[in-house]
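Please keep the sequence and the 3D view at hand while reading.

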Amino acid sequence: MRHSDYHGEWPFQSWGIGAREDAWCLLDFGRDIQVDEMALTLRADFPHDSYFTGCTVTLSDGTTMDINLTNSSLEQVIDLGGVKTTSIKLSNFTVETAGATTPYAALTEVKCMGTEVKN
């Protein structure tokens, strides 16, 4: 079960950028994988939280894509089209602070769906 409408002690952990403009998060798979899609769940403790409106996804080969996000507690699925990669880096987060009581935004879950590449 995924909880994204609260934050604090376990099981309500999250990862945020703490108002840093240079924050990034790296998912290193340690081997070649084929990723069909990735799902991000934002922490949605509204109106306390602000939220990410977008970020940049960078694959291990240097390919980048900018994605848009909305203020939802539901998974936001990004179609990656079966790309082959060893890592996914999330960076260049943009934050919407209108209506929030703090400028902080966070991720509750990052999920990648695909298969291991057999060499």
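Thr56 lies in strand β3, where strands (E, at least two residues) and helices (H or I, at least four) are DSSP runs numbered from the N terminus. The structure is a predicted model, in which local features need pLDDT of at least 70 and side-chain atom pairs count only at pLDDT 80 or more, while totals for chains, interfaces and linings use all residues. Residues are numbered from 1 along each chain as its sequence is written, and side-chain values use heavy atoms, with hydrogens and water left out.

With a relative accessibility of 8%, Thr56 counts as buried (buried means under 20% relative accessible area, exposed over 50%, and partly exposed in between, with a 1.4 Å probe and protein chains only). Its side chain makes a polar contact with the side chain of Asp66 at 2.7 Å; such a contact is a pair of N or O atoms within 3.5 Å, of which, within protein, one must be able to donate a hydrogen and the other to accept it, and residues adjacent in sequence count only if both atoms are side-chain atoms. Once neighbours within four places in sequence are set aside, the residues in contact with Thr56 are Thr64, Met65, Asp66, Lys89, Leu90, Ser91 and Asn92, contact meaning heavy atoms within 4.5 Å.

## Overall make-up

The protein has six strands and zero helices, and its elements run β-β-β-β-β-β from the N terminus on. Of its 119 residues, 34% count as buried. Among the contacts with a separation of 6 or more, 83% are between residues 24 or more positions apart.

## Aromatic rings

A search of the whole structure finds two aromatic pairs, a pair being rings of Phe, Tyr and Trp (its six-membered ring) whose centres lie within 6.5 Å, with planes under 30 degrees apart counted as stacked, over 60 as edge-to-face and the rest as tilted. Trp15 and Phe93 form a tilted pair, with 5.6 Å from centre to centre and 55° between the planes. Because Trp15 lies in strand β1 (residues 15-16) and Phe93 in strand β5 (residues 76-96), this pair ties together parts that are 78 residues apart in sequence. Trp15 is partly exposed, at a relative accessible area of 29%, whereas Phe93 is buried, at 12%.

Phe93 also pairs with Phe52, again in a tilted arrangement, at 4.7 Å centre to centre and 40° between the planes. This pair links distant parts of the chain, with Phe52 in strand β3 (residues 51-59) and Phe93 in strand β5, 41 residues apart. Both Phe52 and Phe93 are buried, and the ring pairs link Trp15, Phe52 and Phe93 into a cluster.

Another ring, that of Trp24, has Lys89 over its face at 4.8 Å from the ring centre; a charge sits over a ring if NZ of Lys or CZ of Arg is within 6 Å of the ring centre and within 35 degrees of the ring normal.

## Cysteines

How many disulfides does a search of the whole structure find? The search finds zero, a disulfide being a pair of cysteine sulfur atoms within 2.5 Å. For Cys25, which is in no disulfide, the nearest cysteine sulfur is that of Cys55, 9.7 Å away, and Cys25 is buried, with a relative accessible area of 17%. Cys112 is likewise in no disulfide, the nearest cysteine sulfur being that of Cys25 at 9.9 Å, and Cys112 counts as partly exposed at 26% relative accessibility.
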